[in-house]
Amino acid sequence: MSEKATYRPEGINDAFVEGRADAGPSSPAEGPARPAGPSLPTLGWRGMLRWTWRQLTSMRVALMLLMLLAVAAVPGSVLPQRGQDAAAVLEYLGDHPTLGEWLDRFGFFEVYSSVWFSAIYILLFVSLVGCIVPRTLAHARNLRNRPPRTPVRFGRFPATAETSTTASPDEVVEAVAGHLRGPLRRLPTFRVDVGSEEPRLGRPATRTVAAERGYLRETGNLVFHLALLGLLVSVALGQLMHYRGQAIVTEGRGFANAVVDYDTFDKGAWFRPASLSPFSMTLDSFDSEFASDTVAFAQARDFTAHVTVTEPDGGQHSDQIKVNSPLTVDGAKIYLQGNGFAPEITVKDGAGEMAFSGRVPFLPEDTMYTSRGVVKVPDVSEGQEQIGLVGYFLPTAVVDQDGSARSVFPQPQNPLMVLEVYRGDLGLDDGVPQNVYRLDTASLTPSVDEDGETIKLLVKPGETVELPDGLGTVTLGQDVPRYVALDLRYDPSLAWVLTFSLLALAGLAVSLFTPRRRVWVRSWETTDDDGRAVTHVELAGLARGDDAGLQREVDKALAAVPGHADDPDDHQRTATED
Amino acid sequence: MQIAELSVLLVWGAATALTIALVAFAIDLGRRTEARAEAHAEARTPVAVGAASRPTLAPASTVPGARDGASAPARRRAAGIAMSTTWLGTALLLAAIVLRGLAAGRTPWANMYEFTLVGSFMALAVFLGMNVRKDFKFLGAFVTGLSVLFLVLGLNVFYVAATGVQPALQNYWLVIHVGVAISATGIFTVAFVASVLQLVRDSRDSGSPYLQRPGFRWLDRVPTPTSLEALSFRLNAVGFVLWTFTIIGGAIWAEHAWGRYWGWDPKEVWSFVIWVVYAAYLHARTTRGWDGRRAAWFVIVGYLCVLFNFTGVNLIFNGKHSYSGLNTDTTGGA
């Protein structure tokens with residue numbers, strides 16, 4: 001039963017199991033892995049290379065690499081990762097200066113692009129290619145193989161059956177062969193050969209059937225592994241060609257799909273600005289719903305951004321973006337990733353000159369949309385200082401007895417802005433890029449009251465409030481516009497990633513659930529105990545690996561024997577005793 | 001809220017029924033052990049052959065103890081009670097899950113408490129389904145035991161009131177992705193039990209002095225390590241395919257909801273780790289020197305990863321999959 005002409009990776013153990021299934025895989029006597037390969041000194045460098053390649057493509061090394069891959073993936077879930085949360089990495093480095101530096105040196109904050117993680121999966125895929133390609137070639141050659149010849153004796157097989165019938169041996173083999181082939185001519189269940197044998201071993205001339213099924217098992221296995229390879233290539237190409245931009249857009253405003261219009265923009269190495277489709281988009285309005293029942297008070301229930309898209313050809317249409325349904329424009333998808341309030345803030349300086357006017361996005365920090373924001377006011381009039389306003393926007397504010405304010409609901413039912421005022425050199429004239437959401441107050445002078453407490457200004461919509469220390473006034477617009485954080489992503493590889501994933505799934509299912517079985521039948525004319533002429537039929541089955549359905553397969557073939565005299569149940573499990 | 005309270009009562013009812021089932025299964029295993037010990041004394045060899053010559057798993061019919069007709073029905077009374085209380089407990093649990101869904105007005109698997117209910121239900125359903133055609137009652141004590149443990153943990157630690165879900169979860173993929181993930185977990189649970197029994201039985205067979213004590217005689221009543229390995233493999237193969245689908249479905253959903261199909265979120269990392277561990281298990285089975293006991297250890301490690309992915313990742317790490325419902329999400333999901 002040896003598998004001639006098949007490529008077998010070093011160390012694989014999935015052959016057809018003869019004899020009892022219990023002699024197979026898990027006999028406890030089986031020892032640990034033997035050191036493989038011939039001894040080194042006699043090899044020479046070519047032999048050495050061949051040996052290394054053979055090792056790399058062996059099952060054992062593939063297994064080791066898989067285990068390593070699992071272990072190597074874990075640190076990325078424990079330690080903060082730059083790709084996911086760069087701020088958390090900085091915080092970690094601040095908290096653990098020594099350890100953090102060493103971890104950083106070994107790439108533990110970018111595990112999935114680190115040298116060691118990449119080395120593992122690249123080796124794994126090299127091993128996979130080295131194993132799968134020869135196997136695919138061998139499988140392609142073997143696709144037209146015929147089932148192995150009917151063995152001389154059936155006794156040693158794990159599943160057997162016998163019966164006698166009044167039908168002739170020719171009729172028996174025709175009927176059983178037809179049953180094994182199944183109803184579909186083009187796609188037979190079993191590949192079947194019908195043959196004849198000369199008299200031997202005390203038997204007269206016999207008719208035989210040799211049948212094998214499960215060629216698809218190896219096909220599925222190979223499709224699965226090749227699809228994984230395709231998946232890796234697709235993901236890599238996607239990384240090279242993708243782009244993604246993030247933009248904050250307030251109600252009534254819009255943005256154009258151009259690199260400069262995004263707040264942040266990531267791109268792959270093969271990205272060209274020409275691949276940005278020149279459309280633009282306006283945010284008409286934004287709706288949000290929150291639960292008001294006591295059980296889930298203030299939990300988000302729905303977010304919808306109503307937008308108008310202007311296509312490159314000038315055509316316009318209205319659409320909407322929700323959390324689970326991105327908007328697709330020219331192959332790029334636009335996601336709704338966040339939302340908040342962008343109050344309209346106007347600051348006039350001590351000289352009465354307009355120093356700042358604009359919508360300032362405040363970033364929500366909790367479920368009640370207690371939102372933090374920063375206004376950096378430049379010095380426009382002579383002799384004025386730069387002003388920094390830092391504070392919170394509270395959609396539904398409650399001011400406690402002690403004067404502290406908090407938000408109790410995420411919708412703007414009673415909006416209030418609470419601001420602290422700083423003055424000094426904000427660094428706005430240095431030309432160094434700054435984070436617009438942070439104000440470094442270390443070098444600035446806060447405005448304080450007589451007790452030395454930092455002054456907190458409370459501003460309601462439509463109100464104008466004097467800034468302390470004669471710095472001017474601040475005005476909050478009557479309407480509080482909302483903003484949405486949009487994420488636009490273009491990745492031409494998506495369809496391929498999906499295709500290869502589904503191919504892998506299909507190949508996996510086929511390779512795991514297709515039984516690989518061989519069934520043989522032998523039939524000859526004889527006489528029964530009463531001297532009547534009958535046809536004797538013997539069946540045997542063999543499976544690759546442990547196969548619970550093998551006996552049933554043999555029994556079903558037995559049931560297909562025409563006119564067999566006895567109840568098949570008497571014969572089903574006879575010959576297995578040894 | 002009344003429906004939600006009724007649901008909780010039903011879960012307690014299910015836990016009670018399953019506890020009775022657990023005791024009955026244990027009694028059945030113990031009684032059958034005594035019966036087998038007698039038979040064992042009579043004829044040692046037939047037992048070994050009888051138990052070993054069948055690649056399929058049907059201990060009740062292959063072992064002489066079950067063949068000597070007269071006393072067999074009396075001995076299996078405990079098994080009958082165990083099976084009926086398991087059916088009852090599973091039915092109560094199903095009713096509890098349905099009521100929970102009605103109370104929340106959505107698919108009842110969107111937070112840890114609900115995962116626990118549905119995961120236990122899936123494990124029980126797989127166990128009961130396996131028993132329809134063949135006798136796998138030896139798994140009963142362990143499957144019901146784990147289910148009771150999970151249910152009581154869920155009621156006491158993970159419980160949250162029934163309510164709606166945030167926008168990111170409002171999608172048909174919640175039904176598919178999470179439903180398939182829980183099914184896979186249920187199947188992995190039963191396979192884990194089979195692999196543990198395989199290892200313990202194998203150690204006893206190969207003469208571990210600790211496992212020779214009389215308290216472990218019941219181990220002779222479970223199938224051979226080879227049969228258990230085959231059972232574990234068949235279950236794990238199904239579980240692995242479902243897990244693969246879970247990951248693919250999750251990636252499609254992540255692409256819809258978060259704008260990327262894969263982002264190494266802690267839950268994604270651990271789902272990947274689980275996938276790789278079970279993939280390694282499938283490779284180990286067919287690698288010379290790594291099959292049998294060694295391969296079984298992969299199942300144990302894989303299942304521990306499944307448990308950690310469900311508990312640890314939800315509670316310890318702060319990722320996009322923090323849907324335990326036990327902590328408040330800061331951004332409201334969008």
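How many salt bridges does the count come to over all chains? With a salt bridge taken as a side-chain nitrogen of Lys or Arg within 4 Å of a carboxyl oxygen of Asp or Glu, the count over all chains is 29. The model is predicted, so local features need pLDDT of at least 70 and side-chain atom pairs pLDDT 80 or more, whereas totals for chains, interfaces and linings use all residues. Residues are numbered from 1 along each chain as its sequence is written, chains are lettered from A in the order in which they are written, and side-chain values use heavy atoms, without hydrogens and water.

Within chain A, Arg82(A) and Glu110(A) form a salt bridge through their side chains, at 3.3 Å from N to O. Arg82(A) belongs to helix 4 (residues 82-95) and Glu110(A) to the loop between helix 5 (97-105) and helix 6 (115-142) of chain A, so the pair ties together parts 28 residues apart in sequence. Helices here are DSSP runs (H or I, at least four residues), numbered from the N terminus.

Between the chains, 74 residues of chain B are in contact with 71 residues of chain A (heavy atoms within 4.5 Å). About 6,200 Å² is buried between chain B and chain A, 62% of it on carbon and sulfur atoms; buried area is the accessible area (1.4 Å probe) lost on putting two parts together, summed over both. The two chains are joined by 2 salt bridges. Arg489(A) and Glu255(B) meet in a salt bridge at 3.4 Å, N to O. On the side of chain B that touches chain A, helix 10 (225-257), helix 11 (266-285) and helix 12 (293-310) each supply at least two residues. Helix 10 of chain B gives the largest share, 18 residues.

Within chain B, helix 7 (residues 112-133) packs against helix 8 (residues 140-158) at an angle of about 170°, with axes 9 Å apart. Axes are lines fitted to C-alpha atoms over the stretch in contact, and angles run from 0 to 180 degrees between N-to-C directions. Helix 7 and helix 8 of chain B are therefore roughly antiparallel (angles over 145 degrees). Among the residues that meet are Leu117(B) and Phe127(B) in helix 7, and Val143(B) and Phe150(B) in helix 8.

Technical notes: Parallel < 35°, antiparallel > 145°, perpendicular 65-115°, else oblique.
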